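Subject: Structure handover

Dear colleague,

Here is the structure I said I would pass on. My notes on helices, loops and single residues follow below it.

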Amino acid sequence: MTDKNSVLTEQDFSALHSDFKNAPKSDVLSKIIEQNGINQAAQDPDVQVRLNPVFSVDLQTGSVTNQKQSGRCWLFSLVNTLRHQFAAKYKVKDFNLSQKYLFFWDKIERANISYDRILATASRPANDREVENYLSFPGDDGGQWAMAAALVQKYGVMPVSDFPETANVENTGAFDTVMNRKLRIDAAKLRSMVKDEKSDEAISAARKQMLSEVYRITAYSFGEPPATVDFAYRDDDKKYHRVSGLTPQQFYDQYFGVDLDDYVVLANSPEKDYNQLYSLPSQNNVVGGKQIAFLNLPMDVLKAATIAQLKDGETVWFGNDVLEQMDRKKGYLDSHLYRYTKLFDVDLEMDKAARLQYHQAEVSHAMTFTGVDLDGETPTKWKVENSWGDKNGEKGYFTMSDDWMDDYVYEVVVHKKYLSDDQKALLKQAPVELPAWDSLA
């Protein structure tokens, strides 16, 4: 029923018009904003001084990668941390791993676990909130650090030269359309089989056929990954090397040897309790693989651990909301980049907890910290490796103000050795399970 007091009348329109016309400099501001656009009119001209791209801790990481029109940032960011370690250890400038290789297996694993979730919730209505979440983007590109780690742990890695980028991974729109439709059709069939009380054997046979079809679509679209690594390269000293006959798992163990279980995701989600371990089972991608978990801590802990890891020469994966207060072309990330409140004379400010709680915030992107500028031990700005190619920012690198980290960084991945004993003890507690629609999902 409509509240009669909410109906807009001619008197209301007249009052709105008067308020607008009586606002200071309304005519001038209207023309400026109309002709230049909101962001151009609101941008702080002093930002280029604050974000001068010079850093006291600056890891040499070479050229950036480019995920192009795909949602694979979570894979690119983990691969970036690994490829930088290989490049430094074996003296191979701009070495790169195949993101497509891990993406291929993510599509197979994600379909498989999707069937598990559909069957587990088959007794619920299709408009149940959790079921709706599973059906919203069943073949999604996006992911979490633990999902990438789970793929590396199960499938290993391979050089990009063995399984290079191709059209459908550089622009995943058409593939995602097909895969989302396929998985929703499969969901409807599996739910009907459960409703009709089909046997476990019949359901198992149906899902095996469905997964075979998913594999066919993926292999046609991306190509099938090679079973072994065949990789020849010259190092920076011009010495020739060849790696052949190793499985991708053996290649990872022999040339990387990084135990990803030694790393932990530290979250800063202030609408939740601090010093608490959380899990997000709805987004796990590998059945029996690494589980998504976050240790929620104050931001100063995340910063201290990130700085310690950078000082030790290792880059840091982090999850963030890159669509907020960002100039893509210039590579600026600054909480005061666009002064919307000042421009419109309207309070448009929200704190981090409120943004997460009221869906203004989301973990929309993953990038890699490669440097930080310190005033003593206090960070003032951060160097960020993005995966949007070298035409954005400073040859692909962005500069982030420290307050942008406070406001829009939600997760960092660091080695457990940078935690205190008390913080390590928190990792042993039973995690609080987050729903599929949580703000960190």
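I start with a helix pair: the axes of α6 and helix α8 (residues 145–155) come within 10 Å of each other and cross at roughly 100°. The two helices are therefore roughly perpendicular. On the α6 side the contact is made by Tyr 101, Leu 102, Trp 105, Asp 106, Glu 109 and Arg 110, and on the α8 side by Met 147, Leu 151, Val 152, Lys 154 and Tyr 155. Sorted by class, this contact has seven nonpolar, no polar and four charged residues.

The conventions are as follows. The model is predicted, so local features need pLDDT of at least 70 and side-chain atom pairs count only at pLDDT 80 or more, while totals for chains, interfaces and linings use all residues. Residues are numbered from 1 along each chain as its sequence is written, and side-chain values use heavy atoms, with hydrogens and water left out.

Helices (H or I, at least four residues) and strands (E, at least two) are DSSP runs, numbered from the N terminus. Axes are lines fitted to C-alpha atoms, for helices over the stretch in contact, and angles run from 0 to 180 degrees between N-to-C directions. Angles under 35 degrees count as roughly parallel, over 145 as roughly antiparallel, 65 to 115 as roughly perpendicular, and the rest as oblique. Contact means heavy atoms within 4.5 Å. For the classes, Ala, Val, Leu, Ile, Met, Phe, Trp, Tyr, Cys and Pro count as nonpolar, Asp, Glu, Lys and Arg as charged, and the others, Gly among them, as polar.

Helix α5

A second pair is helix α5 (residues 73–90) with helix α12 (residues 248–255), packed at an angle of about 55° with axes 11 Å apart. That angle makes α5 oblique to α12. Leu 82, Phe 86, Lys 89 and Tyr 90 of α5 meet Phe 251, Tyr 252, Gln 254 and Tyr 255 of α12. By class, there are six nonpolar residues, one polar and one charged in the contact of α5 with α12.

The 18 residues of α5 should span 26 Å at 1.5 Å a residue, and the end C-alpha atoms are 25 Å apart, which agrees. (The expected span is 1.5 Å times one less than the number of residues.) Of those 18 residues, 15 are buried, so α5 is largely enclosed by the rest of the structure. Buried means under 20% relative accessible area, exposed over 50%, and partly exposed in between (1.4 Å probe, protein chains only). Just after α5, Lys 91 has a positive phi of about 55°.

Helix α10 and what follows

Glu 197 is in the loop between α10 and α11. Its phi is near 60°, a positive value in a residue other than glycine. With a relative accessible area of 72%, Glu 197 is exposed.

Leaving aside neighbours within four places in sequence, Ser 221 is in contact with Asn 168 and Phe 175. Lys 208 is also placed in α11 and counts as exposed at 59% relative accessibility. Lys 208 and Asn 112 are 96 residues apart in sequence, and their C-alpha atoms are 9.1 Å apart in space.

Two further loop residues

Asn 275, in the loop between β4 (263–267) and β5 (276–279), has a positive phi of about 60° although it is not a glycine. At 43% relative accessibility, Asn 275 counts as partly exposed.

Glu 314 is in the loop between α13 (299–311) and β7 (316–320). It is buried, with a relative accessible area of 16%. Not counting residues up to four places away in sequence, Glu 314 touches Leu 59, Gln 85, Tyr 263 and Gln 309. The side chains of Glu 314 and Tyr 263 are joined by a polar contact of 2.6 Å. A polar contact is a pair of N or O atoms within 3.5 Å; within protein, one must be able to donate a hydrogen and the other to accept it, and residues adjacent in sequence count only if both atoms are side-chain atoms.

Regards
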